[in-house]
Amino acid sequence: MDALRPYIAAFNSRFLLMMQYRAAALAGFFTQCWFGAVHVMVLAAFYLGAPEAAAASPITLSQAVTYTWLAQGLLAVMPWNGDPEVAAGVRTGSISYDRLRPVDAYALWYVRAAGWMTARLVPRVALMILAAGIALPLIGQGQWAWQPPSSLSAALLFALSETLAIALACAIVMLINIIVVATLNARGINILMQPIVIIFTGNLLPLALYPDVVRVALFLQPFAGTLDIPNRIYFGNLTGQMAWAGIGLQIFWTVLFIVLGRFWLGRVMSRLEVQGG
Amino acid sequence: MPQILVQDLAKTYRVAERDPGMLGAVRGLVRRRWRTVEALKDVSFSLERGELLGFIGPNGAGKSTTIKILSGILRPDGGRVEIEGLVPYADRIKHVARIGVVFGQRTQLWWDLPVIDGFDLLRDIYRVDPQRYKATRDELVAMLRLEKLLDQPVRQLSLGQRMRAEIAAALLHEPSILFLDEPTIGLDAPSKLAVREFVKKLNQERGVTVLLTTHDMHDIEALAQRVIVIGHGQVLADSPFETLRANVLAERRLFVDFAGDAPALDLPGAEVRNRDGRSLELAFDPRVTSAPALIAAITARHAVEDIHVEQPAIEEVIAKFYDLHGANEA
């Protein structure tokens with residue numbers, strides 16, 4: 001237990017610190033309600049406007065609506081950008097102090113990123129469930145609501161897959177962090193990540209709705225594991241072997257990125273230059 | 001076996017250069033020019049357990065680079081470092097558990113966290129036994145007078161308060177060596193005194209080895225038994241501070257206020273440095289002529305209202321030393 005103490009403490013401290021920012025969570029929630037509503041309306045226009053194509057669609061309108069609310073509620077799990085604390089540390093030079101801690105450098109940053117991510121996730125997902133899962137049906141708009149999981153087994157598999165989504169997203173955030181340290185600049189890589197993440201996670205459009213020719217490739221690429229795979233498990237679009245295949249992919253990408261990140265961080269740190277002072 | 005052994009340390013940086021202005025920026029996109037800066041050329045010294053060493057030198061001399069290598073943050077390009085039998089950059093995790101480091105220009109405490117939460121987090125990161133941590137923390141809090149600051153977020157502290165908290169933070173895991181990189185920078189006089197007093201106590205009573213860099217010569221005078229002067233990445237001198245002072249500048253100053261206008265004086269071994277109405281400032285070398293002899297010679301011939309002797313300020317000693325070695329900032 002003592003071996004894990006530093007990492008648990010670093011996670012908790014980051015989590016508790018981030019939970020203080022209630023205004024940011026509230027602002028994020030309202031933005032996500034807005035985007036969610038827009039997405040739902042666009043999907044409704046497509047599905048209702050072309051009933052034949054909609055009938056052939058691999059996911060139903062109601063599933064696509066649930067997908068949208070999941071995507072908005074789980075927005076914090078998207079690896080949009082590196083950990084701002086690392087970026088600030090690079091700018092101010094305080095990452096020197098991280099090198100002075102008697103802990104594994106990769107693991108320390110990884111758990112901090114996890115604390116940062118989950119602390120933003122919890123309030124937003126709770127508010128989104130209240131709004132889209134409970135309030136919408138209560139005002140008679142149940143058809144546009146966030147539906148419960150398709151079954152108990154889907155719910156359990158989703159819990160596992162969403163945990164893996166967070167692990168994978170943190171591993172991707174770590175790769176971004178390392179690029180930030182190597183280039184001494186967070187803006188470039190963060191801007192580059194935005195469109196990639198929006199498209200390849202399924203946030204813009206559920207990956208199942210893309211043309212058949214690219215669907216397999218979209219399923220196999222790493223960003224699917226941060227949103228699309230757990231979502232499809234949630235509403236029963238991926239079941240049985242396909243669900244386990246998705247979970248297997250999530251594990252594969254997570255392990256690969258962690259191994260890659262550890263190796264790369266070691267190299268970047270050995271070339272680290274801390275100037276001035 | 002010394003506690004800290006440094007041999008032939010060398011470190012170079014590569015700095016991207018570009019011509020000024022828009023055109024230079026565009027050219028820099030296509031072809032980047034690199035300039036190599038030799039931060040350290042050939043630095044060697046050793047330190048015994050319990051010593052208090054002051055590191056001085058102009059900006060860019062290599063002081064901070066040396067500290068960063070000794071603390072395991074940077075990897076040198078050449079030479080060897082061994083601290084308590086470990087190579088800092090190779091055995092980083094083991095090494096850093098035994099040292100404490102304070103960078104005066106950076107903060108290791110968490111800006112938005114109360115001081116005490118930051119301390120608790122460090123306790124877990126260094127895996128300090130909770131009982132032992134409590135005793136160490138309470139002692140540091142008392143010595144550095146932090147009682148009233150503990151539940152304040154770090155961002156609300158004054159620089160002096162923050163520096164005291166930073167020093168406590170660096171010692172919670174009871175390191176045997178403390179590196180202080182410009183710990184008094186920007187502090188007011190009482191805060192500087194508090195820091196000096198604490199460091200001295202820590203060194204004398206706990207036997208903690210201290211390696212300190214500073215631009216404040218009063219820090220050195222108050223603290224360091226031994227001084228290393230570094231310039232252009234090389235050790236220029238390594239000696240007790242008094243030896244340094246005696247060797248480099250034995251000169252004394254004699255300030256005389258006359259009853260009337262200051263006269264023209266021609267005294268062997270003394271030289272007029274400044275003349276202002278009825279006042280004169282004379283420089284003399286006590287190895288050539290003594291202060292009493294000089295004063296006797298002046299008062300014998302002129303009516304004098306006031307007279308006093310000064311040692312040159314330590315800053316001057318050092319500035320002169322840098323000049324002598326051509327070590328001023330490039």
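**Exercise 1. Decide whether A:D2 is buried, partly exposed or exposed, then find its salt-bridge partner.**

Step 1. A:D2 has a relative accessible area of 40%. Buried means under 20%, exposed over 50%, and partly exposed in between, using a 1.4 Å probe and protein chains only. A:D2 is therefore partly exposed.

Step 2. This is a predicted model, in which local features need pLDDT of at least 70, side-chain atom pairs count only at pLDDT 80 or more, and totals for chains, interfaces and linings use all residues. Side-chain values use heavy atoms, without hydrogens and water, residues are numbered from 1 along each chain as its sequence is written, and chains are lettered from A and ligands numbered from 1 in the order in which they are written.

Step 3. A salt bridge needs a side-chain nitrogen of Lys or Arg within 4 Å of a carboxyl oxygen of Asp or Glu. A:D2 meets A:R5 in this way, at 3.1 Å from N to O. With a relative accessible area of 17%, A:R5 is buried.

**Exercise 2. Work out which parts of chain A are linked by the salt bridge between A:D83 and A:R14.**

Step 1. The closest N and O atoms of A:D83 and A:R14 are 2.8 Å apart.

Step 2. Now place both residues: A:D83 is in the loop between α4 (61–73) and α5 (84–92), while A:R14 is in helix α1 (residues 5–19). Helices here are DSSP runs (H or I, at least four residues), numbered from the N terminus. The two partners are 69 residues apart, so the pair links distant parts of the chain.

Step 3. Check the accessibility: A:D83 is buried at 1%, and A:R14 is buried at 5%.

**Exercise 3. Classify the ring pairs A:Y106 with A:Y110 and A:F252 with A:W253.**

Step 1. Recall the rule: rings of Phe, Tyr and Trp (its six-membered ring) pair if their centres lie within 6.5 Å; planes under 30 degrees apart are stacked, over 60 edge-to-face, and the rest tilted. Over all chains, this gives 9 aromatic pairs.

Step 2. For A:Y106 and A:Y110, the centres are 6.0 Å apart and the planes make 25°, a stacked pair. These tyrosines are about one helical turn apart, because they lie 4 residues from each other in helix α7 (residues 105–138) of chain A.

Step 3. For A:F252 and A:W253, you have 5.1 Å and 65°, an edge-to-face pair. A:F252 is partly exposed at 47%, whereas A:W253 is buried at 18%.

How values were computed: Helix = DSSP H or I, 4+ residues; strand = E, 2+ residues; numbered from the N terminus.
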